[in-house]
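This briefing describes how two protein chains are organised and where they meet. Please look at the sequence and the structure below before reading on.

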Amino acid sequence: MKKNDLKVNSETTSEAGNGMKRRSFLKIIGGGIIVFFQPWGELDIFGAQTQRRTLTQDYNAFLQIAEDGTVSCFTGKIEMGQGVITSLAQMMADELNVPLEKVKMVMGDTDLCPYDAGTWGSQTTQTFGPAMRAAAAEARGVLVDLAAARLGVPASQLEVRDGFVVDSKNPKRSVSYASLAKGKKLEKYLDVKPAPEDYTKFTYVGKPLKHSDALLKVTGKAKYTGDLKLPGMLFARILRPPSHGARLSTVDVSEAEKVVGTQVVRDGDFIAVLNENKDRADEAIVKIKAEYTFNELKVNDRNLYDRMVGADSRVQVLNAEGDLDLGYQQSDKLFESEFHDPYLAHAPIETHTALAKLEGDKMTVWASTQSPFGLQDGIVRELGYPREKVRVITPFVGGGFGGKAAYQQGVEAARLAKLTGKPIMLVWTRDEEFFYDTFHPAGVVRIKSGIDKNGFIKLWDYSVYYGGTRGSDTIYNVPNAKTTSYSQNTDSVMIHPFGTGPWRAPNNNANTFARESQIDIMAAEAGTDPLEFRLKNLSDEKMIACWKAVAEKFGYVPSKTPGGRGIGMACGTDAGTWVATIVEVNVDKTTGKVRVLRVASAQDMGLCVNPQGALIQMEGCIQMALGYTFTEEILFEGGNVKNRGFDAYEIPRFSWTPKIDCVILDRLNMPPKGGGEPAIITVGAAVANAIFDATGARLYRMPMTPARVLEAIKKV
Amino acid sequence: MEQKIRFKLNGKTTEIVTDPNQTLLWVLRNQLGLTGTKYGCGTGFCGACTVLINKEATRSCMLPVSDIQGTEVITIEGLARGGKLHPLQQAFIDHDALQCGYCTPGMIMTAAALLMKNPSLTRQQIIEGLEDNLCRCGAHTRIIDAVETASKEMKGGR
């Protein structure tokens, strides 16, 4: 044996760590070889320390090689359509040298999986991926050690392939992972960390693979939270206020109680009806007579933007280069614009859903969530359970887009299970989904910029109000530039009248819309083709490579704007990925209706683990982007959200679908970056610029509804 | 008052005794254990709850279960025959025409009804036929491609 200490371990229980004693974990998953991946410094990115999770005694990632050779990978990440159930398995299979079909993903279970802050920010592949690969590399080392002992040859003489450890000098001598795992119940640590596999040795990574969960999903067998059923389970509906900030004054539940089989639960202002029959719960909840007092907020979707720029805000300078005064002096032409961006709903087709069961003193909650550990913490915090008594399990999630980072429904279901002792299924209605969504925050961007006689940008003074700063970097070469963020001042009146949160590529859509529109405005004034103008003012090699790739894919022919063609473009970076997009639109100048005919987009995302999955994410980003571009906007009056259904809040439909051509640049030797969000950021800006090219009309506000397009055309 | 309701469900004669005002959606999901049919909005706007009733694509979320008396109901679970996937299901897999998969059963059932009426759908007819089914992930292009492939395959008759 090498110096690696092989432990048949029973003493290393961690107290608070993962909400569960290690021994119970072993009991649940059974035998085989279990590799605990000891985290080192870089894994602080998991947010464990900020969450006060103990890492020292804690395992941070692990996998199990079972007696049948199956490799289970445990991850706190969840699958919501972004395809990581496939791409993580690809990485695991390559690192361990096992056939892909042997890899089983166990996702989002707080008792089984290592702590994870949540599935968002396009972090799964770029951040969790390398950590998981390191764990797999460690497991590979364990297997080689065990095989060395079994075969009586030095480890250096052994190779791994297809689930076997093979003697390189005598390939007939080999031993399978399955047989190495057989009869063993081992926990294993390595002191010397083997290096992850070189990309040139990859069998699966870099190959286009289809969604591994497709068969379950086309047959209706895939289980989402709402598809689960427990004996004695009751459906819950919760009494909701008519608007945010309204307070319950009087309530009469007597009529609701008359609905057959209904139990009314009350805990202060928290009132719910329970019924084993979902429709009867729906019937009962509307029979509750409730009155409210309102704290009328003066804010609405029309006056919001003035309120933001006029507020007493917290001001932070995010970036400052050169001297803005000098920038003014060096500029031959100056430009000043203000861009507005509304609140957006996430609107996943599966609403927030949770099933809670109290068994003894242990609360188990199945939930549609992007944050199983966040929900666990929420239940600990709000209901007073010790962490080890709360287990969150995440079945398939029917879309998240950032909205399921919030987990209110899981806490509500647990609260009802705690109050009644019965298993509770809570399926938010579409109305509740729109009302309690943590919206993409509305915001304002103001830009003052200038170019010299030769069309070089000399001044860039960028201010973003309340929307968020992701994507607010300048990206172009500007000697005199400043980026300022205006956000909520803790002493001031709350600007957002309801909850806000991350929405696919949080606020990068709005920042890219503003920046790329401003660039287009300057290109048009300079009398320069907008692509030429961009390339002239860019030095970022990756961005330039994306532009070249997308121009070729689109078949771009340079022209000044407005040229009447309806072609527009935009670029940006998000989640470590570079993206450039060119679109062609048709504008009906009498109705203001805009149709996107085609979109070409190119991105550099580093190593692309699953080119098929990444392509699908790009296509999905582009299609979803049409919503924020043309229709999506939360309308509100004070705390009252007015559009709470798909009739009033319109999301993209089949007839909107453009021809989509995507290019993913080949970057096998680079680290992987995010792919679930980047392409969405460029579409709104590219469409706005295309509308300008078609009509000469400039739009400064999302969404670009027919009425707003017509209004802009009138001003030309 | 409970009522006896007889209908054909995925090829089998089925009899249930239930509150006739319940929606078909929740009877399928909660009483009959067929959870492939999804709740998305409860008001007929998203299409996730689509099933076939007498070969017509129907939104089950607003339909009182009493209305299915004597009809033939097919859900996503009843589409595959004899262990073989329906050409639409196969085409959705082949085209990777899904992401989160939550709208998928409704998409497939809506497309199945379109194909029963017209086995050789044009691309435009597919788009129009699916227009009121919502997908938030943005799998639209691939869904259209999948239905087109299934349509080509089914022209031979099935």
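**Where the two chains meet**

The model is a predicted one. The points below begin with this contact and then turn to each chain separately.

*Chain A as a whole*

- Chain A contains 18 helices and 29 strands.
- Of the 716 residues in chain A, 56% are buried.
- Consider the contacts in chain A between residues at least 6 apart in sequence: 78% of these join residues at least 24 apart.

*Domains of chain A*

- Chain A is divided into domain 1 (6-213), domain 2 (226-294 + 352-427) and domain 3 (304-343 + 439-714).
- Domain 2 of chain A is written as two stretches of sequence, 226-294 and 352-427, and domain 3 of chain A is likewise written as two, 304-343 and 439-714.
- Where domain 1 and domain 2 of chain A are in contact, domain 1 contributes 19 residues and domain 2 contributes 19 residues.
- On the side of domain 1 of chain A that touches domain 2 of chain A, there are 8 nonpolar, 7 polar and 4 charged residues.

*Domains of chain B*

- The domain assignment of chain B gives domain 1 (3-77) and domain 2 (87-154).
- The C-alpha centres of these two domains of chain B lie 21 Å apart.
- The contact between them involves 14 residues of domain 1 of chain B and 13 residues of domain 2 of chain B.
- Two strands of chain B, E3 (50-53) and E4 (56-59), each supply at least two residues of the side of domain 1 that touches domain 2.
- E3(B) gives the most to that side of domain 1 of chain B, namely 3 residues.
- The side of domain 1 of chain B that touches domain 2 of chain B has 7 nonpolar, 4 polar and 3 charged residues.

Terms used
Residues are numbered from 1 along each chain as its sequence is written. Chains are lettered from A and ligands numbered from 1 in the order in which they are written. This is a predicted model: local features need pLDDT of at least 70, side-chain atom pairs count only at pLDDT 80 or more; totals for chains, interfaces and linings use all residues. Domain bounds come from an automatic or database domain assignment. Two residues are in contact if their C-beta atoms, placed from the backbone, lie within 7 Å. Ala, Val, Leu, Ile, Met, Phe, Trp, Tyr, Cys and Pro count as nonpolar, Asp, Glu, Lys and Arg as charged, and the others, Gly among them, as polar. Helices (H or I, at least four residues) and strands (E, at least two) are DSSP runs, numbered from the N terminus. A residue is buried if 20 or more other C-beta atoms lie within 10 Å of its own, exposed if 12 or fewer, and partly exposed in between; C-beta atoms are placed from the backbone.
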